[in-house]
Amino acid sequence: MSKVELQTTPIKNEDGSPYIVLTIDDEIWMTNNDEEKEYIKSVVWKAKWNCLIAGLGLGLVVRECAKQKNVDRIVIIESRPDVCDLVCPTLGLKYSEGIGCALNMKGWTGKINGKVVNVYVDDILDENIVEKLYVNEPRFDWVYLDIWMEPDDPNTLDEYNTICKNIKKIVDPLVGEIDAWQKKKILAGPGV
Ligand SMILES: C[S@@+](CC[C@H](N)C(=O)[O-])C[C@H]1O[C@@H](n2cnc3c(N)ncnc32)[C@H](O)[C@@H]1O
């Protein structure tokens, strides 16, 4: 059976916070180490207005995104309910049977730093994700894709391209931007 764990270790980060690890089936998917936090800051300053994040993980990106002054609201797509069950309460979000409207998508909702955050339990690679989101949310101005473990895995570039093609119509055509974790490495392709 699949297993998700959030482990708080006795190790301390530079700022004194405890080193936390998210494991899925005993594989480390995310940590809150200083390097990870620096990387997130180097990308998230671009976040603006209505944001979409794929991959909740430990919730570090959403926390940083909610601090940006140009950000109004944030939608997260996370495929694993068990990750949401563990992490959403740590973000102060509550579960609801119907967030959004027409399609009654289930998920977690609340405010972080005064910004509305909706976490939908769904697969960003689902071919119907755009239709589901389109009725629930306005267009997005900044998208951050963070669902992978290896930027140079042969599937990562294919998945990145599929998502970009699928979500194009819900990204603002004038100012919208799609970012991704390790985007340069992903675009360079497998084995580079
Ligand atoms: C590296 S973690 C994301 C880290 C996160 N952004 C943070 O701030 O901590 C990747 C997450 O993506 C989720 N994920 C993997 N494939 C997905 C998919 N197809 N759709 C949505 N979420 C997915 C995983 O369950 C995991 O929670």
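# A guided look at a predicted model

Visitor: In the hairpin of E1 and E2, which residue takes a positive phi near 90 degrees?
Guide: This is a predicted model. Strands E1 and E2 of its hairpin have five residues between them. The residue there with a positive phi near 90 degrees is Gly16.

Visitor: How many of the nine residues of strand E1 are buried?
Guide: E1 covers residues 4–12 and is hardly covered by anything else. Its count of buried residues is zero.

Visitor: What is the phi of Trp49?
Guide: Trp49 belongs to strand E4. With 17 other C-beta atoms within 10 Å, Trp49 is partly exposed. Its phi is positive in a residue other than glycine, near 50 degrees.

Visitor: How many helices and strands are there in the protein?
Guide: Among the helices are H2, which covers 60–67, and H5, which covers 154–167. Among the strands are E5 (71–78) and E8 (115–121). The protein has helices to the number of six and strands to the number of 10.

Visitor: What radius of gyration does the protein have?
Guide: The C-alpha atoms fill a box of roughly 45 × 40 × 40 Å along the principal axes. For 192 residues, a compact globule would have a radius of gyration near 16 Å. The protein agrees with that, because its own value is 16 Å.

Visitor: What share of the contacts with a separation of 6 or more comes from residues 24 or more positions apart?
Guide: Of the 192 residues of the protein, 32% count as buried. Among contacts with a separation of 6 or more, the share from residues 24 or more positions apart is 57%.

Visitor: Which residues have the most contacts inside the largest nonpolar core?
Guide: That core has 48 residues. The residues with the most contacts inside the core are Cys51, Ile53, Val62, Cys65, Ile74, Ile76 and Val119.

Visitor: Which residue in E8 is the bridge partner of Ile74?
Guide: Leaving out residues up to four places away in sequence, Ile74 touches Cys51, Ile53, Val62, Cys65, Ala66, Lys115 and Val117. E5 and E8 pair in the parallel sense over six bridges. In E8, the bridge partner of Ile74 is Val117.

Visitor: How many of the seven residues of E8 are buried?
Guide: E8 also runs antiparallel to E7, joined to that strand by six bridges, and Trp108 stands opposite Val119 in E8. The E7 and E8 hairpin has two residues between its strands, and Asn113 in the turn has a positive phi of about 55 degrees. E8 is largely enclosed by the rest of the structure, because its buried residues number five.

Visitor: Which elements do the buried residues of H2 pack against?
Guide: In H2, the buried residues are Leu60, Val61, Val62, Cys65 and Ala66. They pack against helix H1 (34–44), E4, E5, E7, E8 and E9.

Visitor: Which residues around the ligand come nearest?
Guide: The shell around the ligand has 12 nonpolar, four polar and four charged residues. Strand E3 (27–31), H2 and E5 each supply at least two of the shell residues. Of the 20 residues around the ligand, the nearest are Gly55, Gly57, Leu60, Val61 and Ser79.

Visitor: Which residues is Ser79 in contact with, leaving aside neighbours within four places in sequence?
Guide: Ser79 sits in the loop between E5 and H3, and with 17 other C-beta atoms within 10 Å, Ser79 is partly exposed. Lys41 is 38 residues away from Ser79 in sequence and 24 Å away in space, C-alpha to C-alpha. With neighbours within four places set aside, Ser79 is in contact with Asp122 and Asp123.

Key: Residues are numbered from 1 along each chain as its sequence is written. This is a predicted model: local features need pLDDT of at least 70, side-chain atom pairs count only at pLDDT 80 or more; totals for chains, interfaces and linings use all residues. A nonpolar core is a set of buried Ala, Val, Leu, Ile, Met, Phe, Trp, Tyr and Cys residues joined through C-beta atoms within 7 Å. A residue is buried if 20 or more other C-beta atoms lie within 10 Å of its own, exposed if 12 or fewer, and partly exposed in between; C-beta atoms are placed from the backbone. Helices (H or I, at least four residues) and strands (E, at least two) are DSSP runs, numbered from the N terminus. Two residues are in contact if their C-beta atoms, placed from the backbone, lie within 7 Å. A residue is near a molecule or strand if its C-beta atom, placed from the backbone, lies within 6 Å of it. Ala, Val, Leu, Ile, Met, Phe, Trp, Tyr, Cys and Pro count as nonpolar, Asp, Glu, Lys and Arg as charged, and the others, Gly among them, as polar. The radius of gyration is taken over C-alpha atoms; the globule rule is 2.2 Å times the number of residues to the power 0.38. Two strands pair if DSSP finds at least two bridges between them.
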